[in-house]
Amino acid sequence: LLREVEEAMHVPEGFDATVLLMPTYPSTAPPHFQSYLAPLDFLYTAVWNALEMPVTQVPVGLSPSSGMPVGLQVVAPRGRDSWSIAVAEDMERGGLARWAPPRCVPPPPQGAA
């Protein structure tokens, strides 16, 4: 799998870098204080960790339907951490990346610390 991903990320002539833009998870973040029972969703991020490929998480705003955060991950080739960081910084400068607090944060349940 690593060889196939590295081949797909080959930098074409005339380009400085190649990165992948991937969703962080297949859905928005779960609401605060609620269980998250989708055990395989971690594969969206775990695969890059297992392949030892650098990833920078980029917040891109809030879901219009739930008001919860959504994000992208910028995946770079092995050993090219600076590429994923540079793309994330460019996204922020261009207004594509932005952090926002969730629209509705419920109070913690009674007895929660």
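**A29 and its contacts**

I started with A29 and skipped its neighbours within four places in sequence; A29 is in contact with M68 and P69. Contact here means heavy atoms within 4.5 Å. I then placed A29 in the loop between strand 1 and helix 2 (43–50). Helices (H or I, at least four residues) and strands (E, at least two) are DSSP runs, numbered from the N terminus. Is A29 buried, partly exposed or exposed? A29 counts as partly exposed because its relative accessibility is 27%. The scale: buried is under 20% relative accessible area, exposed is over 50%, and partly exposed is in between, with a 1.4 Å probe and protein chains only. I also checked A29 against G67: 38 residues apart in sequence, 9.4 Å apart in space, C-alpha to C-alpha.

**What the model is**

I noted that this is a predicted model, where local features need pLDDT of at least 70, side-chain atom pairs count only at pLDDT 80 or more, and totals for chains, interfaces and linings use all residues. Residues are numbered from 1 along each chain as its sequence is written, and side-chain values use heavy atoms, with hydrogens and water left out.

**Overall layout**

I found three helices and three strands in the protein. Along the sequence they follow the pattern α-β-α-β-β-α. Of the 113 residues, 23% count as buried. I looked at contacts with a separation of 6 or more; residues 24 or more positions apart account for 62% of them. The accessible surface comes to about 7,800 Å², and 59% of that belongs to carbon and sulfur atoms. Those areas come from the Shrake-Rupley method with a 1.4 Å probe; for residues, only the protein chains shown count as cover.

In what order do the strands of the open sheet stand? I read 1-3-2, three strands with antiparallel pairing. Strand 1 and strand 2 stand at the edges with a single partner strand each, so one side of each has no neighbour in the sheet. The twist averages 30° from one strand to the next. Strands pair if DSSP finds at least two bridges between them. I looked up strand 2 and strand 3: they pair in the antiparallel sense over seven bridges. V55 has V75 in strand 3 as its bridge partner. Q57 stands opposite Q73 in strand 3. The hairpin of these strands has six residues between them, and in it G67 takes a positive phi near 75°.

**L72**

I picked L72 next, which lies in strand 3. L72 counts as partly exposed because its relative accessibility is 24%. Beyond its neighbours within four places in sequence, L72 is in contact with M22, P23, T24, T56, Q57, V58, V60 and M91.

Helix 2 lies across strand 1, strand 2 and strand 3, running at about 20° to strand 3. For such angles, axes are lines fitted to C-alpha atoms, for helices over the stretch in contact, and values run from 0 to 180 degrees between N-to-C directions. In the loop between helix 2 and strand 2 I found E52. E52 has a positive phi of about 60° although it is not a glycine. E52 counts as exposed because its relative accessibility is 52%.

**Helix 3**

I checked the length of helix 3 (residues 81–93). At 1.5 Å a residue its 13 residues should span 18 Å, and its end C-alpha atoms are 19 Å apart, which agrees. The expected span is 1.5 Å times one less than the number of residues. Which residues of helix 3 are buried? They are W83, S84, A88 and M91. Seen down the helix axis, these fall within an arc of 130°, so they line one face of helix 3. The arc is that of the directions from the helix axis to the C-beta atoms. The face turned away carries the exposed residues S82, E92 and R93. I followed the buried residues inward: they pack against strand 1 (20–23), strand 2 (55–62) and strand 3 (69–75). Helix 3 lies across these strands, running at about 20° to strand 2. Just after helix 3, G95 takes a positive phi of about 85°.
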